[in-house]
Amino acid sequence: MVNLTINCEKKEYPCAFIAGYPIHHSKSPKIHNFWLKQYDLQGEYLAKEVTTKEFSSFLMSSQKRGFCGGNVTLPHKQEAFRLATYKDEVATVIGAVNTLWFERQKLCATNTDAYGFSANLDEIAPGWVKQAALVFGAGGAARAVLYILKKRGFERIFLLNRTKRHADDLAEYFGKSVEVYDWQNVYKILYQVDFIVNATSVGMTNLYNKQNDTFFLIFIKLNQQHW
């Protein structure tokens, strides 16, 4: 749980945060602090483990405690969108944010997940845009993925999530071309898709559970066609 008494007020350089629950998996502090040091920039990037109940209080008090902004990861991207005073056009369409900053007393927000997702694929896998895609998950990351897939012209997008009603809500939000399937029926659509995206928390840790086993078996089965 986050300690709301910890602050950056007495520091003479900017502080930013990455907030999530859990947060131990995040590589963001190592990455950002490395480049701050590499370019001799004053600043610090801190990881904050913040529960759902604590998130609103943490976010709305963060400027007073010396933070100039930060990032959010699961499960806070949609709540951060709701709390932000200003959201840019991309964030508004997606309905979730991952990047926050303060302008005077206003909390501003955007979503860089969508750009990062597509730009990375454009660079390392040119021609990745196909006709049909399968997306696992229905949280903030999935929203960014669906936004890009629709924008790039995927004709059919199959959506699966452990809690089906969340997937149903997301399909209704993004409209035509997004179809929801039950997890148990995933094998019926595997060979209909050209592109698969994992937008869930599976794979963030080494913990084994039945859900992880099912997920990775799907990829093993799919890859057999290339053996």
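A residue here counts as buried under 20% relative accessible area, as exposed over 50%, and as partly exposed in between. Keep that scale in mind for Glu179: with a relative accessible area of 26%, Glu179 is partly exposed. Please also remember throughout that you are looking at a predicted model.

**The whole chain**

Start with everything shown as a cartoon. The protein chain has 8 helices and 10 strands, and 43% of its 227 residues count as buried. Among contacts between residues at least 6 apart in sequence, 64% join residues at least 24 apart.

**Stop 1: helix H2**

Select residues 52-61, which make up helix H2, and show the side chains of Glu54, Phe55, Phe58 and Leu59, which are buried. Now look down the axis of H2: the buried residues fall within an arc of 125°, so they line one face of the helix. Which elements cover them? Bring up strands E1 (15-20), E2 (44-49), E3 (67-72), E5 (99-103) and E6 (106-110), together with helix H3 (77-83); these are among the elements that cover the buried residues of H2.

**Stop 2: a patch on the outside**

Next, select Ile31, Phe34, Trp35, Tyr39 and Leu41. Together they form a nonpolar patch on the surface, with about 570 Å² of accessible area. To place Leu41, look in the loop between helix H1 (28-38) and E2.

**Stop 3: Thr99**

Move on to strand E5 and pick Thr99. Is Thr99 buried or exposed? Its relative accessibility is 18%, so Thr99 counts as buried. Show side chains here and you can find two polar contacts: one of 3.3 Å to the side chain of Asn71, and one of 3.2 Å to the side chain of Asn98. Beyond its neighbours within four places in sequence, Thr99 is in contact with Gly70, Asn71, Cys108, Ala109, Thr110 and Thr112.

**Stop 4: Tyr147**

Go to helix H6 (residues 140-151) and select Tyr147. Tyr147 is buried, at 14% relative accessible area. Leaving out residues up to four places away in sequence, Tyr147 touches Val90, Val93, Ile94, Ala114 and Phe174.

**Stop 5: salt bridges**

How many salt bridges does a search of the whole structure find? There are 5, and the tour visits some of them.

- Select Arg152 and Asp122, whose closest N and O atoms are 2.7 Å apart. Arg152 sits in the loop between H6 and strand E8 (156-160) and Asp122 in helix H5 (residues 113-124), so the pair ties together parts 30 residues apart in sequence. Both are partly exposed, Arg152 at 32% and Asp122 at 35%.
- Select Arg156 and Glu179, whose side chains meet at 2.9 Å, N to O. This pair links distant parts of the chain, with Arg156 in strand E8 and Glu179 in strand E9 (residues 178-180), 23 residues apart. Arg156 is partly exposed at 35%, and Glu179, from the opening, is partly exposed at 26%.
- Finish with Asp168 and Lys164, where the salt bridge is 3.2 Å, N to O. Both lie in helix H7 (residues 164-174), 4 residues apart, about one turn of the helix. Asp168 is partly exposed at 31%, and Lys164 is partly exposed at 34%.

Key. Residues are numbered from 1 along each chain as its sequence is written. This is a predicted model: local features need pLDDT of at least 70, side-chain atom pairs count only at pLDDT 80 or more; totals for chains, interfaces and linings use all residues. Side-chain values use heavy atoms; hydrogens and water are left out. Buried means under 20% relative accessible area, exposed over 50%, partly exposed in between (1.4 Å probe, protein chains only). Helices (H or I, at least four residues) and strands (E, at least two) are DSSP runs, numbered from the N terminus. The arc is that of the directions from the helix axis to the C-beta atoms. Contact means heavy atoms within 4.5 Å. Patches are made of residues with over 30% relative accessible area and no salt bridge: like charges are joined within 9 Å, nonpolar side chains (Val, Leu, Ile, Met, Phe, Trp, Tyr) within 5 Å. Accessible areas come from the Shrake-Rupley method with a 1.4 Å probe; for residues, only the protein chains shown count as cover. A salt bridge is a side-chain nitrogen of Lys or Arg within 4 Å of a carboxyl oxygen of Asp or Glu. A polar contact is a pair of N or O atoms within 3.5 Å; within protein, one must be able to donate a hydrogen and the other to accept it, and residues adjacent in sequence count only if both atoms are side-chain atoms.
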